[in-house]
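Student: I am new to this structure. Please show it to me and take me through it.

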Amino acid sequence: MHQKILQIMLIVSFISACSNVGVKPWEKNILARDDMQLIHAPLEAGLDDHIYFSKEASSGGRGFSGGGCGCN
Amino acid sequence: MQLNTEVRDKTKDKSRFQKISPALAIASIGILGANETLAKDELDRWDFDTAVLLYAEADDRVSAVEPVFSATRAFDNGETLNIKLAYDTLTGASPNGATPSKQKQIFTRPSGKGKSTIASGESPLDDTFKDSRVALALNWTAPINREWEYSTGLYGSKEFDYLSLGGNASIKHYFNQKNSAINFGISFSSDQVEPKGGTPIALAEMAHKSDDDFKDTHKKTREDDSNSKTIQEGMIGLTQVINRQTIMQFNAGFSYTSGYLTDPFKLLSVIGSDKSDSDYGANFQDTNSNNIYLYEARPDSKLRHSFYWQTKYSVSNGDMIDSSYRFMIDDWGINSHTLDFRYRWYFTLNKERDSYLEPHLRYYSQSAADFYQRYIDSDDYQLGDPNFSFASADERLSDMNAVTLGLKYGWRYQEGKEVNIKLEYYSQSHSGKKGIGSLSNQELYPGTKAVMLAIGYSF
């Protein structure tokens, strides 16, 4: 129970700390670049995920690992 | 009467037509022009992304070819529709789980038709590994208002013996002047596997073609039903702008899989473990002097938790760094750590129209599943009455370290248009319990090495 409260407090403090960081809307030119998107090459990311999904025990994390295939 | 009038007016109409025709021609050009503009406008709303991946493992093991096509349409109110189509073909041989042996080994093919012979000292491979898969995914993302956005998706893939269908939905809330976003998502998939020749019964002994009553003994190792599994996933994510050059993503998620999670093509060798016996370290044999191999068995559920942290940073000269760390833990006893690092080095300062080189380094490490065993001791096998419920020799469930080294070259010849090529080398090493007796001379953990080449074109 104590652990849960601690976890919630951590998450809340983490989110509230976020309000102190960031930029004004007119300062987002660099972050708006294609290569600064979180997944900047979605097709490549999908192909990589498929390879690692079929060769390793872990998958997903960045997004959903989704359904399987006969390869795993 | 009407007909007569038509005949009478024919000549008149002809000359009238001759007069009108240039006007019609001009008008039609106008219409065609308008259609062309419409078509061009429509095309401008679409982004296309294509790629093909070639994957080849060393020693003539698995090789794969996977072309992918993705199209995204942007709508006026900020909605986007993405359609993704992938096709892949796999050929080659994959480890069947049994250990190499000082003697030659004979395996019944998974379908029950035919057998394969493995020379002494060689890694037993299942050479019937051949499949093609087609997958289609649709995704729709739309804003609800200035601060909320939702996304839904459908997914389906089909192979010869495997079908997977799924859907997902998520909702995203922007706050703190859109410097922060919190995302909640759920996903559900349902998979169906129908192995050719039926599904092996967990821990049943593989029947040998040389047995007199092979048909009967083989049949006794099989159940006819198709097998299914469901995958439920949930995720909470936080995206945070740190400063003008840095953005971070944190995800925490779970995935619960239940149903048939066993690999129907994997076997385990039973090895003589009695030190005083002459077959110490050799394949344990049945009364017909055939090696005993068992079909593997995995639990029928798996609960996994994941944590993911990604940071993207734009260096002051405009180069880009993308790094991430992922931790996963599941109730099969597997913990994994994944570190990924990419550095995009631009040749000039114009980021929208430039060439770049992108080195890539990935490190992956996992601990073995609790029930992973490279082989089974005959003591544990207890003459057909094993003292365990689950066992697998699938190298993907073993202690593993893997490294990927890659280099990508991209050429952005116009804004939003790019051609790229990526070459990567992937190396896996496994470890686990050592061989006993004569088995200690065999290579039980040969590892996997692969080369990947991907060519991409976005327009």
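Tutor: Start with a term: two residues are in contact if their C-beta atoms, placed from the backbone, lie within 7 Å. This is a predicted model, where local features need pLDDT of at least 70, side-chain atom pairs count only at pLDDT 80 or more, and totals for chains, interfaces and linings use all residues. Residues are numbered from 1 along each chain as its sequence is written, while chains are lettered from A and ligands numbered from 1 in the order in which they are written.

Student: Among contacts in chain B between residues at least 6 apart in sequence, what share joins residues at least 24 apart?

Tutor: Take the contacts of chain B whose residues are at least 6 apart in sequence. Then keep those that join residues at least 24 apart. Their share is 62%.

Student: What is the mean pLDDT of chain B?

Tutor: pLDDT is the predictor's confidence in each residue, from 0 to 100. In chain B, 92% of the residues reach 70 or more, and the mean is 90.

Student: Which stretch of chain B has pLDDT below 50?

Tutor: Beyond near neighbours in sequence, the stretch has 0 contacts in the model. Where pLDDT is low, the predicted coordinates should not be read in detail. In chain B, the stretch is residues 1–17.

Student: How many strands does chain B have?

Tutor: Helices (H or I, at least four residues) and strands (E, at least two) are DSSP runs, numbered from the N terminus. Chain A has 2 helices and 0 strands. Chain B has 3 helices, and its strands number 25.

Student: Which residue in the turn between E18 and E19 of chain B has a positive phi?

Tutor: E18 pairs with E19 (320–330) in the antiparallel sense over 11 bridges; one bridge partner of this pair is B:Met328, for B:Ser306. E18 also pairs with E15 (246–259), antiparallel, over 13 bridges. E18 and E19 form a hairpin with 5 residues between them. The residue with a phi of about 95° is B:Gly318.

Student: Which strand gives the most residues to the side of chain B that touches chain A?

Tutor: The contact takes 68 residues from chain B and 33 from chain A. On the chain B side, 24 are nonpolar (Ala, Val, Leu, Ile, Met, Phe, Trp, Tyr, Cys and Pro), 15 charged (Asp, Glu, Lys and Arg) and 29 polar (the others, Gly among them). The top contributor gives 8 residues: strand E14 (227–243) of chain B.

Technical notes
Pairing = 2+ DSSP bridges.
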